[in-house]
Amino acid sequence: MVPISAYLIVAVVLFGIGTMGVLISRNIIVLFMCVELMLNAANLALIAFSRSLNIMDGHAFVFLVLTVAAAEAAVGLAMVITIYNNRESINIDRFNILKW
Amino acid sequence: MSDYLILIPLFPLIGFLLNGLLIGRLSRPVVSTIACASVFASFVTALLSFIELTNMPASARLIEQTLFAWIPVGELNIEFGLLVDPLSAIMILVVTGVGFLIHVYSTGYMSHDKGFGRYFAYLNLFTFSMLTLVLADNFLLMFVGWEGVGLCSYLLIGFWFERKSATDAGKKAFIVNRIGDFGFLIGMFIIFWQVQSLDFAEVMARAPHAFIAGGTLVTTACLLLFVGATGKSAQIPLFVWLPDAMEGPTPVSALIHAATMVTAGVYMIARTSTLFMMAPDALMVIAIIGAATAFFAATIGLAQNDIKRVLAYSTVSQLGYMFLACGVAAFSAGVFHLMTHAFFKALLFLGSGSVIHAMSDEQDMTKMGGLKKYLPITYWTFLLATLAISGIPFFSGFFSKDEILWKSYSSLYGHPIFWVIGVVTAGMTAFYMFRLVYMTFHGKERMDDKTRKKIHESPRSMTVPLMILAVLSVVGGYVGMPHIFGVTNYFEEWLSPVLAGHEPPTHALASTSGGGAGTEMLLMALSVLLVLIAIYTARLFYNKKPELATALRGKLTGVHKTLQNKYYIDEIYTAVVVHPLIIVSIGLWKVVDVIFIDGFINTLALLYDGISQLFRHAQTGRVRSYVTVFVIGVVGILGWLVMR
């Protein structure tokens, strides 16, 4: 039996990688993937707790998160395409017109 | 059977709504039919109520109609109530009767004007407001009518709004009236404060308990009401608007600025006579102001050359007479003169309108003369009115004017000085009126040939009202013949139930028994003599030997100039009141408004602007920097939660 702490460590590591990716990456697509990574880290933590505590609520949450993530990805990719059409680039740093 | 009172003001209101809402959609005959018919209908209704009154016993002559509770708030309960008693019966008959004649006259006078529909809409609105004023059974409703007639006066003075002088005159009338109305309002507040009611009947009934007779409060209230009256009725010091009001169409001058609206002040004082009888000091002020106005306006009238301005100053002067009568507590004499004056002054104005109409809108009398043969009907009716206003015996003006003169001498509140001023004014009145007649209708024809060719007698719609008014000017006085002719003064008797002190106490010297009648006869003879001399002088100066007038004018250049320029009153007011006001206003604008108010707001805005300049740089527009801040924030908060 793998202890729950192992799952949680993996989840934390995944979440950290995702966060760092969001902070560092300039490519919008990579940025999106990192957001997905953070979501999945959270999913993993939920599943782990659900198994160890023998409560099914975590599973239900995970399905909810997956659905939302799918929708978010759809909207996000649409935005990426629009940005690319406007800027000929998917570099997030070039998309900074909402400033002073 | 009192439900029909509402019809009296309702007819003109309907006329106003029809004419006003359908301006430009109705043909001229339809417009004039609606306007005249509505006023005529209300005249007939007024006549019905008058007949109903006469059938009642003298002490119970009162018809009331309460339509609805208008303002029921706590102790204040004001009803929309109408009231016909002997006093308001006379007023509604004058307003609708003379008003109807003037409406008919207007159909002829205004027939070429492009604002035909608008004119009659205003005229009907005026009639409605005036009837509301006189029929109201409480102060507040009266004030509504009071403001309504002020508004209509403003609208009609500025009727030809393309002319700047007309709009200026309209504004002047409105503003000066507002000053008076302010006094009226405050007076009303004092009365409500003390009496807890604004209903005329209740105020008059409770006043003796609520006020101390002759006390400061009742005197102040009466004086404030009188301030309102000086505004509306053009007395010193607020008379300046009336002469300028002649910018309006002439029938308007006849209706509003001679026969009806300007007499509202007299009516109001007569209506609240109980209060005024409790304030002898206020009465004295009224008498003095009235006498002074009568005198000064008459002197100005002596030297004016504009036919309508002469009549305007004459109106101011005659209104002064009415206030003199009220001031010596001879209210019925004041109302009597109000009525006869409505007849002959309306006739004079309409006659002058007929002259102006014939002269292609020329108002300067020095360019007239010899019009008698061109305008026979106008001439003869005008002459009758002139005889009436001059106080030639057995014309209507004679009875009413003499009643006032006698009362100003004999009343306990009167004084021989009032009589002297009154008689001198009567002489001047006769002089300037006959001067006007001689300059206009007699002598050399001074107009140019182009105008002369166009002179024509006015159409039937204008001359018939003239003739009817002429008849009224002649016979109108017989209802109020003085006692010394051995007849009953029906007019005084008719009004006696509603007027306090209708027969003012006389001082010993003039008691009606014994020597009093002789004195009255003597005074009457004196005044008639003076009037005849004045007429003769006018004839001498302006008809027989004009060189005499020129010579006299040469000797009295200064006086003549002062009179012609109306004592420079307008200039003085401009310098003393208007100018400082403008300077203060400019100060308020440039200092208070621009520097303080705008300055405060602008400084505040600048402050926010500066702070924003500082913080706006946080908005880099870069997603990654936002995310960094976000993550640091989340980590910080979570860390704090865990470490706590």
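**Local geometry and packing in the predicted model**

P237(B) is found in the loop between α8 (216-232) and α9 (241-244) of chain B. In this predicted model, the peptide bond that joins I236(B) to P237(B) is cis, with omega at about 5°. Most peptide bonds are trans, and most residues other than glycine have a negative phi.

Q196(B) lies in the loop between α6 and α7 of chain B. With 14 other C-beta atoms within 10 Å, Q196(B) is partly exposed, because this class lies between the limit of 12 or fewer for exposed residues and that of 20 or more for buried ones. Y567(B) occupies the loop between α24 (557-564) and α25 (569-615) of chain B. Y567(B) is also partly exposed, since 13 other C-beta atoms are within 10 Å.

Helix α6 (residues 164-195) of chain B meets helix α7 (residues 200-210) of chain B at an angle of about 70°, and their axes are 10 Å apart. α6(B) is therefore roughly perpendicular to α7(B). On α6(B), the contact is made by I191(B), Q194(B) and V195(B), and on α7(B) by V203(B), R206(B), A207(B) and A210(B). By type, the residues of this contact comprise 5 nonpolar, 1 polar and 1 charged.

The axes of helix α10 (residues 250-259) of chain B and helix α14 (residues 307-327) of chain B cross at roughly 5° and come within 11 Å. α10(B) and α14(B) are therefore roughly parallel to each other. T250(B), S253(B), H257(B) and A258(B) of α10(B) make the contact with K308(B), A312(B) and T315(B) of α14(B). Here the division is 2 nonpolar, 4 polar and 1 charged.

Strand pairing was examined in chain B. Strand β1 (residues 63-73) and strand β2 (residues 76-84) of chain B pair in the antiparallel sense over 9 bridges. V73(B) stands opposite L76(B) of β2(B). The two strands, β1(B) and β2(B), form a hairpin with 2 residues between them. In the turn, G74(B) has a positive phi of about 55°.

In soluble globular proteins, nonpolar side chains tend to be buried together. The largest nonpolar core of the model has 203 residues. The residues with the most contacts inside this core are L135(B), L324(B), V335(B), A346(B) and L347(B). When residues up to four places away in sequence are not counted, L347(B) touches T381(B), A385(B), L466(B), L469(B), A470(B) and S473(B).

Between the chains, 10 residues of chain A are in contact with 11 residues of chain B. The side of chain A that touches chain B divides into 6 nonpolar, 2 polar and 2 charged residues. Elsewhere in the description of chain A, L98(A) was considered. L98(A) is placed in the segment after α3 (57-87) of chain A. L98(A) is exposed, because 11 other C-beta atoms are within 10 Å. L98(A) and N40(A) are 58 residues apart along the chain, and their C-alpha atoms are separated by 30 Å.

Technical notes. Residues are numbered from 1 along each chain as its sequence is written. Chains are lettered from A and ligands numbered from 1 in the order in which they are written. This is a predicted model: local features need pLDDT of at least 70, side-chain atom pairs count only at pLDDT 80 or more; totals for chains, interfaces and linings use all residues. Axes are lines fitted to C-alpha atoms, for helices over the stretch in contact, and angles run from 0 to 180 degrees between N-to-C directions. Helices (H or I, at least four residues) and strands (E, at least two) are DSSP runs, numbered from the N terminus. Angles under 35 degrees count as roughly parallel, over 145 as roughly antiparallel, 65 to 115 as roughly perpendicular and the rest as oblique. Two residues are in contact if their C-beta atoms, placed from the backbone, lie within 7 Å. Ala, Val, Leu, Ile, Met, Phe, Trp, Tyr, Cys and Pro count as nonpolar, Asp, Glu, Lys and Arg as charged, and the others, Gly among them, as polar. Two strands pair if DSSP finds at least two bridges between them. A nonpolar core is a set of buried Ala, Val, Leu, Ile, Met, Phe, Trp, Tyr and Cys residues joined through C-beta atoms within 7 Å.
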